[in-house]
Amino acid sequence: MGASVVFNSGGISVLDYRCSMGPADRPFIESHRSYSIAYVRKGGFGLLAGGKQHDLVTGSLLVGYPGDEYMCTHEHHACGDECLSFQFSPEFVDSLGGAQAWRIGAMAPVAEVMVLGELAQASARGDSDVGLDEVGQVLSRRFIQIHSNSRAQSKPVSAADRRRAVEAALWIDENCHEDIALERVARAAGLSPFHFLRVFSKALGVTPHQYLVRSRLRRAARLLAGKERSVTDIALDVGFADLSNFVRSFHRAAGVPPSRFGTARISK
């Protein structure tokens, strides 16, 4: 596991984590040093935390509470994974309230979180004028809001079904710019569409279609925060056939229209 500090100021610091562990490597127990939210920007891995099993894919969050133990596993794939981790001081978390939310271990991919994660990546690369401290503040507040509104209950999933779901999510994220039908992904996973929909949703907390749309928004955010390109071109490139649908979906996730993303202050 390699880690480098990319930002450190006041109550927020940001670290870039890169892990090359795979199925042949033995997992080990770690403990969180601070309140943290790690955005999975590449790959995927398993997580054992608080007596629960989670499967994290691109766009998921690994959430930490100081002193809590966890263990990352890599039995499903060996492509490596990368995270951008925001770490917060106790004083900052106290100002937000809801400290117990930081004990959930992980959060499934959510559109607004994936968009913020890509804005954070752009900021870390120097491609956006939005500061990492600002993104960290918004991300932490959105996390608390989403957690407060969520009533989803985790359900047991077999190891084989977890593997199918993670592999399917990796495939969807890689090919999200294409026209992807449920039947196509289900066939690749070796399951009927109905069974695949149930397995994917139980394992990852989102439906395949939700993950597809969120992957497209994540990719759009990366493009919008980078080189100068038209919104229409980006919408088509990431897989949206309808520009108005893209603008509406992106605005709902980011809090600003695509034309202002990466240049204006993001809403809090």
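Predicted model: local features only at pLDDT ≥ 70, side-chain atom pairs only at ≥ 80, totals over all residues.

How do the residues of the lining of the second largest pocket divide into nonpolar, polar and charged? They divide into 13 nonpolar, seven polar and three charged. Here Ala, Val, Leu, Ile, Met, Phe, Trp, Tyr, Cys and Pro count as nonpolar, Asp, Glu, Lys and Arg as charged, and the others, Gly among them, as polar.

Residues are numbered from 1 along each chain as its sequence is written, and side-chain values use heavy atoms, with hydrogens and water left out.

The second largest pocket holds about 590 Å³ of space. Of the 23 residues that line it, Met1, Tyr17, Glu30, Tyr70 and Gln87 are the closest to its centre. Two or more lining residues come from each of β2, β3 (29–31), β4 (35–42), β8 (69–73) and β9 (81–88). Strand β9 gives the largest share, four residues. On a 1 Å grid over the protein atoms alone, a pocket is an open set of points where a 1.4 Å probe fits, with protein on both sides within 12 Å along at least five of seven lines, and lining residues have an atom within 4 Å of a point. Grid points are joined across faces, edges and corners, and the volume is the space filled by probe spheres set on the points. Strands (E, at least two residues) and helices (H or I, at least four) are DSSP runs, numbered from the N terminus.

Ser13 lies in strand β2, which covers residues 12–19. Ser13 counts as buried because its relative accessible area is 15%, where buried means under 20%, exposed over 50%, and partly exposed in between (1.4 Å probe, protein chains only). Leaving aside residues up to four places away in sequence, Ser13 touches Phe7, Asn8, Ser85, Phe86 and Gln87, contact meaning heavy atoms within 4.5 Å.

In strand β9 we find Cys83, which is buried at 7% relative accessible area. The C-alpha atoms of Cys83 and Cys19 are separated by 8.6 Å, although the two residues are 64 apart along the chain.

Next, the salt bridges. The structure holds 15 of them, each a side-chain nitrogen of Lys or Arg within 4 Å of a carboxyl oxygen of Asp or Glu. Arg18 pairs with Asp16, the closest N and O atoms being 3.2 Å apart. Arg18 is partly exposed at 47%, whereas Asp16 is buried at 11%. Glu82 also forms a salt bridge with Arg18, at 3.3 Å between the closest N and O atoms. This pair links distant parts of the chain, with Glu82 in β9 and Arg18 in β2, 64 residues apart. Glu82 is buried, at 15%.

Elsewhere, Arg125 and Asp127 meet in a salt bridge of 2.9 Å, N to O. Arg125 is partly exposed at 43%, and Asp127 is partly exposed at 40%. Salt bridges that share partners join Asp16, Arg18, Arg41 and Glu82 into one network.

Finally, helix α3. How far apart are the end C-alpha atoms of α3? They are 26 Å apart, which agrees with the 26 Å that its 18 residues (132–149) should span at 1.5 Å a residue; the expected span is 1.5 Å times one less than the number of residues. Among the buried residues of α3 are Leu132, Val135, Leu139, Phe143 and Ile146.
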